[in-house]
Amino acid sequence: MSVAVREPGAVIESEPIRSRRGIVWETIRRRPSAAIGSAILLVIVLGALLAPWLAPYDLHKQVGPVFGHPSWSHPLGLDDGGIDMVTLLMWGARVSLVVGFAATFVSMVIGGTIGVAAGYFGGKTDTTLMRITDYFLVIPDVPLMIVVAAIWGPSLFHIIIVIGILLWTSTARVIRAQVKSVRERVYVKRARSLGASHTRIVFRHVLPQVAPLLIANTVLTIAVAIFDETALAFLGLGDPSRISLGKMIENAFQRAAISTGAWYAIVPPGLLVAVIILSCSLVGGALEDALNPRLRVAHLSARSFRLRPLVGRGGEAV
Amino acid sequence: MRGADYVIKRIAFALLTVFIAVTINFALFRLAPGTAVTNLARVPHATPETRLALKREFGLDKSKLDQYFIYLKQLSRGNLGISFENSQPVRDNLKTALINTIPMVLLGTLFAIVIGTITGVLAAWRRGTAAEGASVTTALAFYSMPTHWLGLMLVILFAGTLPTGGMTNDFLINPSFWQHFKDLVAHITLPALTLGLVLFGEYTLIVRSAMLETLSEDYILTARAKGLRPAAILRMHALRNAMLPIATLIALSLGYIVAGAILVETVFSWPGIGRAVYDAVLARDYPMLQGAFLVLTVSVVFFNLVADLLYFKLDPRITE
């Protein structure tokens, strides 16, 4: 899965100039880790989408004893309410993915807007917006999420908003850096001198250039959002009326699945969350690595290290 | 003089961040309509007179701005309010909790840093080998696991061999110092291990990419050309320079450590600040929640500042 790093002094071929269009797809196709990650994600998303048709049992119907053992008819056993685990996993993944995607969408809109505005307008706007981002970057987000969720009360909508409004900082930074470089390109300057409005330049010329990186960042943010949902649910802040993967772990923990020996009620949901996060990290990391050479070194960093152009391909950012 | 400038700037930034956190803290609990303090009475069918009396008692009849100034004034004196749950000053509750949390978090983080650095360096140094594949895959796997779930997995694995809840064995009567210490070590093992395991993956990946970057520098090539032993190159040339980004990135993962501590302490009933957050959420004990949030934020900001200054010490070129 590792990308070979050139020996120092090896001949460096310049990468062929490709159009940005289709670069996302191409990266996924060419890197095995990204291909595996997206295949797994596709299967999970399909399973979750098709839960109403594929799920073997009714989500709200007790079909056997509480914490019933795995059997042929229930391969993963039953949960604390005697509901089939496979059915629960499919529906739970559905809710977790909805939270992941929706919260990420919120954070992309906020982070994307702030990043584009800061990078495109520069100057005072940039300084102010990045200052704000810096402060938000330092304040630990999970405790803040807990506080806000506790005050607002548990509901799916609140969870989505809470996660979304606190995850945008890294997006804003990554997008700003990219927009700053795009802004200086000749065709953008040309468009401006031809009298194009800011809106037109941003939507026609800047955004399409930033889009692939935004996609990479989206995939990585989905992983964080799903993790946060699991954490909030575990702390009793999940929507009580909807079963998510996080809620399943919480239920099993609260109703003593461990001391009853019902490991099958607690292992699969966490494992599924881990697999989703892992796949997102693989895909997002590979994309980010392919798209943003600067990130190869400082990929997790909020600070810009003084960098000189990299030799060959660095390690893949994860 | 630019150095002193940098230090002052970082300290000012830290102080401002704390101030913003304090303001957010106030705003969240007081400005949200119809929540928290408005329902503070916790008496659902109180008469209007009772409500008014309670409002006056808690200073809620004053304007929001006055309330804010009162809050700041009390805070500057170290008054964090009274817990709804046990009617003790929040400050005292949090002090005990913080003292319990620190050793656990420290042990877990230390474990993560040591294992993360070793595996990360190994992965970069032996790149392209099975050793790299194994350490990166393991790191990614642990990085992806939900913290509390990993804790529960350890509970399943070690139930019976190691204590899985609390900080001390209540049935030890008049233990000697040695017995007490052994008991504490047994209790701290699983929570600290969980925290260490969820953190180390991130560190491995960070250390690996920092090392890979350093190893591609020209001075490493020079060192090789000089015929230095590989161990010397690794220790004197590569690792020292790779420490810079590693130090910063570990500081940046502080927020993650805090989140991890909350989840780990909940799983293992560790009576620390994370557990205090969980209990406060369950009991809707807002003064405790508010105080705990403040303590967590201030400590993250503080350690960030420490990291900034450390970074400056490690690399004096940085002046921003």
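Which residues have the most contacts inside the largest nonpolar core? They are A:Met145, A:Ile146, B:Val277, B:Leu289 and B:Ala292, in a core of 163 residues. This is a predicted model, in which local features need pLDDT of at least 70, side-chain atom pairs count only at pLDDT 80 or more, and totals for chains, interfaces and linings use all residues. Residues are numbered from 1 along each chain as its sequence is written, while chains are lettered from A and ligands numbered from 1 in the order in which they are written.

**The core**

- A nonpolar core is a set of buried Ala, Val, Leu, Ile, Met, Phe, Trp, Tyr and Cys residues joined through C-beta atoms within 7 Å.
- Helix H10 (residues 198-234) of chain A gives this core its largest share, 17 residues.
- Leaving aside residues up to four places away in sequence, B:Leu289 touches A:Val147, A:Ala150, B:Val277, B:Ala280 and B:Val281 (a contact means C-beta atoms, placed from the backbone, within 7 Å).

**Chain A as a whole**

- Chain A has 13 helices and 0 strands (DSSP runs, numbered from the N terminus: H or I of at least four residues for helices, E of at least two for strands).
- Of the 318 residues in chain A, 48% are buried, which takes 20 or more other C-beta atoms within 10 Å of a residue's own, with C-beta atoms placed from the backbone.

**How helices meet H10(A)**

- The axes of helix H6 (residues 141-152) of chain A and H10(A) come within 11 Å and cross at roughly 55° (axes are lines fitted to C-alpha atoms over the stretch in contact, with angles from 0 to 180 degrees between N-to-C directions).
- That angle makes H6(A) oblique to H10(A).
- A:Val142, A:Met145, A:Ile146 and A:Ala149 of H6(A) make this contact with A:Asp228, A:Ala231 and A:Leu232 of H10(A).
- Helix H9 (residues 186-193) of chain A and H10(A) have axes that come within 10 Å and cross at roughly 160°.
- H9(A) and H10(A) are therefore roughly antiparallel (angles under 35 degrees count as roughly parallel, over 145 as roughly antiparallel, 65 to 115 as roughly perpendicular and the rest as oblique).

**Confidence**

- Chain A averages a pLDDT of 79 (the predictor's confidence in each residue, from 0 to 100), and 85% of the residues score at least 70.
- Over residues 295-318 of chain A, the pLDDT is below 50.
- Where pLDDT is low, the predicted coordinates should not be read in detail.

Notes: Buried ≥ 20, exposed ≤ 12 C-beta atoms within 10 Å, placed from the backbone. Contact = placed C-beta atoms within 7 Å.
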